Amino acid sequence: MMNESAVFWSRMLTELTLSFHIIYATIGVGVPLMIMIAQWVGMKNNDEHYILLARRITRGFVITVAVGVVTGTAIGLQLSLLWPNFMRLAGQVIALPLFMETFAFFFEAIFLGIYLYTWDRFDNQTKHMLLLIPVAIGASMSAVFITVVNSFMNTPQGFELVNGELVNIQPLVAMFNPSMPTKVAHVLASAYMTSAFLLASIAAFRLLKGSNHIYYKKSLFLMMKLGLIFSIATAVIGDFSGKFLAEYQPEKLAAAEWHFETEEAASLILLGFMDQEENIKLAIRIPYALSILAHGNPMAEVIGLNEFPEDEIPPLYIHYLFNIMVFIGMFMTLVSILYVAGVWRGWQFIKKVWFRWLTVLGGPLSIIAIETGWWLAEVGRQPWILRGYMRTAQGATTSEHVDMMFILFCILYIVLGIGSIVVLSRMYRANPIEQEIQDRMAEVEGGVR
Amino acid sequence: MNLEVLGIIVLWIFLFGYVIVASIDFGAGFFNAYSLLTNKSHILSNIIQRYLSPVWEVTNVFLVFFFVGIVGFFPQTAFYYGTVLLVPVSIAIILLAVRGSYYAFESYGSRGHKGYAFAYGVSGLLIPSSLSVVLTISEGGFVDIIDDLPQLDFWALFTSPLTWSIVLLSIASVLYISAVFLTWYAWKAQDWEAHELMRKYALIWAGPLIFMAVAIIIQMQQHNPDRFRNMISIWPMFGISATLFLMTVWLIWKKRGLGLSVGLLILQFLFAFFAYGISHYPYLLYPHLTIYEGFTNQEMAISLVIAFIAGLCLLIPSLYLLFRLFLFNKEYVTGNQKDFHA
Ligand code: HDD
Ligand code: HEM
Ligand code: HEM
């Protein structure tokens, strides 16, 4: 009854859609907060530059939101189209947060529409800024609810399975499952971090390209400060995620760390690669570090892959994904510390071209960290779709046409991806900041307002 | 009333909401593309900018709400429909993507690429067509259960006159609903040229609409006698709907009470939509799945209902605010105001 190729292509299509959606979704979660902070700083200091910053980000945000909505609708439908067996089982226990997510979207969509079309419409600026609060809350709550669903797939609870029947269902217990706190917190923090570094990298790029406007300097400094705060938060919560894994999903952690035998005082394997015979080469071993990461105690015992049956071990390549994510996290924390400290202490190197380029890199790197983080989390759950209850292959559709759909969606995402980049860059190029500030001055002086 | 019925009524109301708001959107896109061909695009593009752009995302959420809700209340639908609908729904998703990106890419980026406006317009007819296939399938006769797995008979589906009648009805409704609404909206915006044009379209599309509706009821007699009997037994609802339809057309013909005509139009579709839904009861997929077999467990149902009520308390005031600012605000609608766009 199982259809191997349908299973394979369902995985590919899910992977494709989610990996694409997550870029826009992350921006959708983080950027409203950044707009709000910029507008607030502008109003507090009576500094038109920050208000313009908020306004210009908003314009670009509309475009990323549109792509986020479109791809989100796609993944929402694809969950039922590609994983009908999974949805019919899990839907009975975890439908509640999915349902609440739609209210969060609704809320966000309504206020975003209002916010967008009411610049300067109210006499009181604060009123306009307040409209952003529901937008930011709605976006973050969408992330919270969908991440709750995902955490349920990792540590399902809140039901009992008796003779293939689900009984004793407790929706709230299912929502507040063990992996939920760390997962939700890490996803939110990393979304804010990514958005801040993306906006910082735009400002740094403009400065590199010859604009010397104070607007970009203010924008860069603000975003680097925010990026610093959220990258520290991300790393700290990431550490908690590791501890959570050690306790509840030890096979994921063991596979990510190439930790084969259960042992005490385990050492951490950094970098390196694995050859055909599973020999690890060129790796750095840090004594005790894995025990510290997993349990906060250098002597603690860490469960290894030997405790699990052969067919329940996740693919071992997630080690690379884990390393990339952690490296980016550390690196970005460092870059932003240097920048912020540099501004305060007047260090000159932060204005050098090479350092600006590091800052420009920050945005794309953060996106890569988001992608690798999700791949780690999702591939690390394999072979389960619902850990301990349903294998991914059992959840999939049996339809014959998934490969065709995969190709169609590839084309769609290429068009959307290129389209959004082209439209965004054209939009800002057509109306550079120098121009906009001039227009704005003329407007205010002319008394039109 | 039991929870099963309550659940399906809530979902049906949201689907109805989607049908109305999306029809306005789809139809406007089509008329816009059509007027591009006849070089009258300036007439409509203004309305699309002023009315549709602020609310399109809200339109989309109605759909999301429906499909997330139906899988929540009736998880079995994910299994039955999810397995058979891969192709038509994937196509609908791609078309929805074309529309969603149009608002963003066109109204902010370059303006007026003809090919894009055209794709946008055509997608407005193709989306209802591909989505209405779901309704056809739910009538039964196209899905067989083989080895415990639902299988769709594509050939039977594509050669059935019922399929094509429902497709045509969906297109006619989209164009009619949208034309009636825009007739009123253009009148409010004091855009007389657009008003005249839309009034003409409204009157033109009234005919095909009623013709297709009657044709479907007649075909049902052949296709599914059970369902036909159900429909006949609640004929008063269809009758009220038809009366409301005649009143709307009359008002538009006489150019009187245009606001009222929109209200009557919504009521007309409400009655027809619910009459259709009631005659479908209790089947979600005839004859394989009823709302009772497909229902989720009691605990989940109760928590979904509570979440729904809490959600409504949040949404209704917000929607009211949105409409007050963009739909019922005279200054905004007539465009006398400065442009407040970010
Ligand atoms: C900007 C992005 C970003 C950065 C810099 C980091 N992470 Fe991360 N990480 C994510 C973005 C992310 C994510 C995309 O948000 C994931 C995917 C699933 C999840 O819960 O969050 C994730 C998952 C994830 C998991 C798996 C959780 C699970 O499967 O339940 C662990 C153990 C860590 N992270 C640990 C870390 C550590 C120790 C970091 C040190 C700096 C770190 N992450 C930086
Ligand atoms: C509730 C619904 C979800 C279902 C049914 C689901 C299911 C799956 C499945 C079966 C795969 C394929 C894994 C493989 O074999 O490679 C996958 C991959 C993936 N999922 Fe999930 N997932 C869900 C939620 C999420 C969420 C909330 C996210 C966050 C964005 C996410 C992100 C990803 C990513 C990025 C991949 C690609 C990983 C890879 O294979 O490289 N998923 N998902
Ligand atoms: C299985 C995984 C997911 C599903 C089924 C899903 C579903 C959806 C749907 C249906 C929409 C469109 C809603 C609308 O019409 O307005 C959407 C948009 C959105 N999603 Fe996802 N989503 C998933 C993963 C995620 C994740 C992991 C995040 C956050 C980290 C996220 C954040 C958002 C946001 C913020 C939006 C609003 C659009 C925007 O502001 O860019 N989603 N999603």
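This is a predicted model: local features need pLDDT of at least 70, side-chain atom pairs count only at pLDDT 80 or more; totals for chains, interfaces and linings use all residues.

Q: Which helix gives the largest share of the shell around ligand 2?
A: That's H1(A), with six residues.

Q: What makes Arg11(A) a polar contact of ligand 2?
A: A polar side-chain atom of Arg11(A) lies 2.4 Å from an oxygen atom of ligand 2. The cut-off for a pair of N or O atoms is within 3.5 Å, so the pair counts. Glu15(A) passes too, with a polar side-chain atom 2.9 Å from an oxygen atom of ligand 2.

Q: Which residues come nearest to ligand 2?
A: Of the 20 residues around ligand 2, those are Arg11(A), Glu15(A), Asn150(A), Glu378(A) and Gln382(A). By class, the shell around ligand 2 has 11 nonpolar, five polar and four charged residues.

Q: Why is ligand 2 said to lie between domain 1 and domain 2 of chain A?
A: Because both domain 1 (1–179 + 399–449) and domain 2 (198–248 + 250–380) give residues to its shell.

Q: How far apart are the C-alpha centres of domain 1 and domain 2 of chain A?
A: They lie 24 Å apart. The contact takes 25 residues from domain 1 of chain A and 23 residues from domain 2 of chain A.

Q: What kind of peptide bond joins Gln382(A) and Pro383(A)?
A: A cis one, with omega about 5 degrees. Pro383(A) sits in the loop between H12 and strand S7 (384–386) of chain A.

Q: Where does ligand 3 lie?
A: Between chains A and B. Its nearest residues, out of 25 around it, are His21(A), Gly72(A), Phe105(A), Glu108(A) and Asn60(B).

Q: What makes Asn60(B) a polar contact of ligand 3?
A: A polar side-chain atom of Asn60(B) is 2.8 Å from an oxygen atom of ligand 3. With the limit set at within 3.5 Å, that pair qualifies, so Asn60(B) is a polar contact. From chain A, the side chain of His21(A) has an N or O atom 3.0 Å from a nitrogen atom of ligand 3, and the side chain of Glu108(A) has one 3.1 Å from an oxygen atom of ligand 3.

Q: Which helix gives the most to the shell around ligand 3?
A: H2(A), with eight residues. Sorted by class, this shell holds 16 nonpolar, seven polar and two charged residues.

Q: How do you know that Lys183(A) still counts as a polar contact of ligand 1?
A: The side chain of Lys183(A) has an N or O atom 3.4 Å from an oxygen atom of ligand 1. The cut-off is within 3.5 Å, so Lys183(A) is counted. His186(A) has a polar side-chain atom 2.8 Å from a nitrogen atom of ligand 1, and Ser190(A) has one 3.2 Å from an oxygen atom of ligand 1.

Q: Which helix gives the most to the shell around ligand 1?
A: H8(A) does, with eight residues. In total, 26 residues surround ligand 1, and they divide into 13 nonpolar, 10 polar and three charged.

Q: Why is Ser279(B) called buried?
A: Its relative accessibility is 1%. Buried means under 20%, so Ser279(B) gets the label. Ser279(B) lies in helix H11 (residues 258–280) of chain B. A polar atom of the Ser279(B) side chain is 2.8 Å from the backbone oxygen of Tyr276(B).

Q: Which residues touch the most other members of the largest nonpolar core?
A: Of its 227 residues, they are Phe86(A), Phe106(A), Ile110(A), Met223(A), Phe409(A), Phe74(B) and Ile137(B). Helix H3 (residues 84–116) of chain A gives the largest share, 20 residues.

Q: Why is this core said to lie between domain 1 and domain 2 of chain A?
A: Because both domains give residues to this core.

Conventions. Residues are numbered from 1 along each chain as its sequence is written. Chains are lettered from A and ligands numbered from 1 in the order in which they are written. Side-chain values use heavy atoms; hydrogens and water are left out. A nonpolar core is a set of buried Ala, Val, Leu, Ile, Met, Phe, Trp, Tyr and Cys residues joined through side-chain atoms within 4.5 Å. Buried means under 20% relative accessible area, exposed over 50%, partly exposed in between (1.4 Å probe, protein chains only). Helices (H or I, at least four residues) and strands (E, at least two) are DSSP runs, numbered from the N terminus. Domain bounds come from an automatic or database domain assignment. A residue is near a molecule or strand if one of its heavy atoms lies within 4 Å of it. A polar contact is a pair of N or O atoms within 3.5 Å; within protein, one must be able to donate a hydrogen and the other to accept it, and residues adjacent in sequence count only if both atoms are side-chain atoms. Ala, Val, Leu, Ile, Met, Phe, Trp, Tyr, Cys and Pro count as nonpolar, Asp, Glu, Lys and Arg as charged, and the others, Gly among them, as polar. Contact means heavy atoms within 4.5 Å.
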